[in-house]
Amino acid sequence: MFSAIFSTSPPVNPAAPNFHPVSSIHTPTRFFGALEREDTEWACPGGFAVETQIFYIFLDDGSYLIFQIIHSAMGVWYPTIQLVCKLINPHTQEKTWKSVKTTNFITPPPGLDKRSSKADQFSITHKPNPGAEHPESYVLTANLGDDLQISLDVSRPTSAPGFKVGQGPGGGYSYFGTNRGKPDGYVVHRFWPLCFAKGMVVRHGRAIPAKGQGMFVHAIQGMRADHVASRWNFAHFQSPRHGGVSAIQMEFTTTNAFGRTGAGSGHVTVNVGGLVLGGKLATVTAETKWPDEEYSVDGGVVSRAIHSKTAHDTDTGYDVPTDIIFRWNAPSILPDVDPAQGTIDATLTVDVGQPDAPKGLVEKVDVLGEIPTMVKTMVNYVAGAKPYVYQWLNPATLHIKLPAELVPGLSQEAEVEGTLYNEATFIS
């Protein structure tokens, strides 16, 4: 209080922009930002921040595996590091979900860099292999007791490089606060849009060979989660057809406190995504939806998740989607293709059913029921938040329009059958 009274800094205009989305900071011709080594190193930020690495893998037997490490800093308290693993088999309806607080977390482990980490319950070891068809990989191990043990090698092909939206050290970042140089908070995402996994999963004492394809994301929320966003959407589509097809999106909507003209101008939606076609990263998308504007219908890059139909869920109090449309549209970034040849357009529509009759619902997660008591009390006190995450897993078809001969085996209009895992998160 006293520092504010005696400050010599000029007063901040209350109508000044206090949110700077990554999708508006960077221009479409510079949306693709190649990942540098530092982008996927553990930052372990202090203050109020959450950092995570997540591997999402569709296995050949139809199962879906999520392997996640969460580093949570809560002010003056020592950070907690959580290991979350979920294995879902939609054919047998078997579901194994383990979430444990880890002990003795370190990064980097001896002899490795900060892209690697370990604790008593897991290890993630980054292995560079420059010049190879798969130039880098991670070795994942986890021992979660008799219920679940995991040992996987996850590698990225050269043809599908990791990316962030925007080039250089500032790529990937959305900033909160009036001063981008000294932000109040930030959100950043870095992706591997396509990776391949092989190894072994042991469930209830039974060894299961594990092979498949998926994605990896390294993300940080550099401020309290209930201040960052009121909504999230996430889409992860994979198909082994045509040499590997992947379509991913990450979208968040700010709270009303952060927007183009300060507090009260919020509920800004930011969406980033990418498409892999024929095993190659074909385009990167990003779009900003300001609350006082409609979505563009003609031209420009499109990257959006639309809840085209909704219904009220009496269990949670939220109006949740029953139909969702994910859309990508942007010029190709393939090195041997002239962007002037045209754009790549992809649409994915999914029917997730009614709240009382869902289709493909994996889990309806009461977030406050899953986090430590100390954190839960703080979030309730600070925000009155009631966050829920809806998770679905369904067969899906990606409808693609693309320039002629862009991808061998794909016509100018194509339908690719695959599997979609998607989430809708409601925070406040």
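Reply: F67 has C85 as its bridge partner in strand 5. Strands here are DSSP runs of E with at least two residues, while helices are runs of H or I with at least four, and both are numbered from the N terminus. The model is a predicted one, in which local features need pLDDT of at least 70 and side-chain atom pairs count only at pLDDT 80 or more, while totals for chains, interfaces and linings use all residues. Residues are numbered from 1 along each chain as its sequence is written, and side-chain values use heavy atoms, with hydrogens and water left out.

Strand 5 covers residues 77-89 and is mostly covered, with 10 of its 13 residues buried. Buried stands for under 20% relative accessible area, exposed for over 50%, and partly exposed for what lies in between (1.4 Å probe, protein chains only).

Strand 5 has pairing partners in strands 4 and 6; two strands pair if DSSP finds at least two bridges between them. Strand 4 (residues 64-74) runs antiparallel to strand 5 over 10 bridges. With strand 6 (residues 94-101) the pairing is again antiparallel, over eight bridges, and S99 of strand 6 is the bridge partner of V84. Strands 5 and 6 form a hairpin with four residues between them. In the turn, Q93 has a positive phi of about 65 degrees.

A charge-ring contact involves K86, which lies over the face of W97 at 3.8 Å from the ring centre. Such a contact requires NZ of Lys or CZ of Arg within 6 Å of the ring centre and within 35 degrees of the ring normal. Elsewhere, the charged end of K386 sits 5.8 Å from the ring centre of Y318, over the ring.

Rings of Phe, Tyr and Trp (its six-membered ring) pair if their centres lie within 6.5 Å; planes under 30 degrees apart are stacked, over 60 edge-to-face, and the rest tilted. F55 and F216 form a stacked pair, at 4.5 Å centre to centre and 25 degrees between the planes. F55 belongs to strand 3 (residues 48-59) and F216 to strand 14 (residues 206-221), so this pair ties together parts 161 residues apart in sequence. Both F55 and F216 are buried.

Y390 and F426 have ring centres 5.8 Å apart and planes at 85 degrees, so this pair is edge-to-face. Because Y390 lies in strand 25 (residues 388-401) and F426 in strand 26 (residues 413-426), the pair ties together parts 36 residues apart in sequence. Y390 and F426 are both buried.
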